[in-house]
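Here is a structure to look at.

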Amino acid sequence: AGCPMGNSSSRLYSALARTLSSSAVPQHRDCLGQPDPAQLDPIDPKDLLEECQMVLQKRPPRFQRDFVDLKASAASSHRPIRVMQWNILAQALGEGKDNFVQCPMEALKWEERKCLILEEILAYKPDILCLQEVDHYFDTFEPLLSRLGYQCTFFPKPWSPCLDVEQNNGPDGCALFFLKDRFELINSANIRLTAMKLKTNQVAIAQTLKCHETGRVFCIAVTHLKARTGWERFRSAQGCDLLQNLKNITQGAKIPLIICGDFNAEPTEEVYKEFSNSSLNLNSAYKLLSPDGQSEPPYTTWKIRPSGECRHTLDYIWYSQHALNVNSALGLLTEEQIGPNRLPSFNYPSDHLSLVCDFSFNQDPDRLL
């Protein structure tokens, strides 16, 4: 009989186990020797999901969320492009600085929380994944997602607050992942956002991709703007800088655009209005879930801090409404599902909800407005 360690699930288990201790992978790839062959083996997503579910046996099952069909017209001629936006909550901040007073520390253990995050990603199978607050990129997300077929890019914050937390795992930042069998990378830009001509601690990644199936080119961007009240003008300046960068990259909206982000701004804020009124002709995909298609969801984050309960709409997926259609969007968790202690929890790994949309290209790309 062959060696039982050769079967795929035990090989995979070692892949997941290897990401459990961050010391297993050098923090920054100093060793430019031969790549570890295990990191190149493709992983079957079903196997990885099973691994995660084994780790999560003692936790309550995932909540059911349903996609809402938004497009009444005839089906598009190509497979939709599924885009997922999620602030996954930096591990160092969750354990160290964020003070979720109703969330037991036990629920924040990285070994399990990591599997909850992976389970959510594997459940929705995005073609493009945009994450904020990623502080386990090199030891978890890059090694695993690259083996699931994603091309991975990470841009850390220059002065990440994670670095102030003892036993941190390095800086947090934005990460962008796309499936290599669906898209080809044409161009990639790491953008450090400025405000009043000053470089700030907030960043964005913008990538121009070509869709293999349709030959269409589009731009996907991910960002995370400055948090906290009192910083509204700062966020507005960062938003203007990002829009200016994206105008250049998309040649003034010739190239369709999708922007995912935690804007840390309610829809009443100036930066939201800048995106709504931009010459890039952007719309916010999640407005389409509202009865009139005009209002944002009631919340995308809900947590309890020492200062009290925070329920806000801060996360958005913006898109070029002349070039792209939103076929469907994933409904949010209900208040009942979220539960009285709010987020994060044993059921849900972050204080922000994931947003997921299916996009298709407009059949008439020349009709700009």
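Student: What should I know before reading, and how many helices and strands does the protein have?
Tutor: This is a predicted model: local features need pLDDT of at least 70, side-chain atom pairs count only at pLDDT 80 or more, and totals for chains, interfaces and linings use all residues. Residues are numbered from 1 along each chain as its sequence is written, and side-chain values use heavy atoms, with hydrogens and water left out. Helices (H or I, at least four residues) and strands (E, at least two) are DSSP runs, numbered from the N terminus. The protein has nine helices and 15 strands.

Student: What share of the protein's residues counts as buried?
Tutor: Buried means under 20% relative accessible area, exposed over 50%, and partly exposed in between, with a 1.4 Å probe and protein chains only. Of the 369 residues, the buried share is 56%.

Student: Why is helix H6 described as largely enclosed?
Tutor: Helix H6 covers residues 137-147. Its buried residues include Tyr-137, Phe-141 and Arg-147.

Student: In which order do the six strands of the open sheet run?
Tutor: Two strands pair if DSSP finds at least two bridges between them. The pairing here is mixed. The order is E6-E7-E8-E9-E13-E10.

Student: Which strands stand at the edges of that sheet?
Tutor: An edge strand here has a single partner strand, so one side is left without a neighbour in the sheet. The two are E6 (183-195) and E10 (282-284).

Student: Which residue stands opposite Leu-282?
Tutor: E10 pairs with E13 (residues 315-320) in the antiparallel sense, over three bridges. The residue opposite Leu-282, in E13, is Ser-320.

Student: What angle does H7 make with E6?
Tutor: H7 packs on the sheet, touching E6, E7, E8, E9 and E10. Contact means heavy atoms within 4.5 Å. Axes are lines fitted to C-alpha atoms, for helices over the stretch in contact, and angles run from 0 to 180 degrees between N-to-C directions. The direction of H7 makes an angle with that of E6 of about 145°.

Student: Which strand gives the most to the lining of the largest pocket?
Tutor: On a 1 Å grid over the protein atoms alone, a cavity is a set of points where a 1.4 Å probe fits but cannot get out, and a pocket is an open set with protein on both sides within 12 Å along at least five of seven lines; lining residues have an atom within 4 Å of a point. The largest pocket is lined by 38 residues, with Arg-228 and Asn-264 among those nearest its centre. H7 (232-249), E11 (301-305) and E12 (308-312) each supply at least two. The top contributor, with four residues, is E7.

Student: How do E11 and E12 pair, and which residue stands opposite Thr-301?
Tutor: Five bridges join E11 to E12, which run antiparallel. A hairpin joins the two strands through two residues.

Student: How much space lies in the largest cavity?
Tutor: Grid points are joined across faces, edges and corners, and a volume is the space filled by probe spheres set on the points. The structure holds three cavities of 30 Å³ or more. Among the residues that line the largest one are Arg-62, Phe-63 and Tyr-348. Its space is about 70 Å³.
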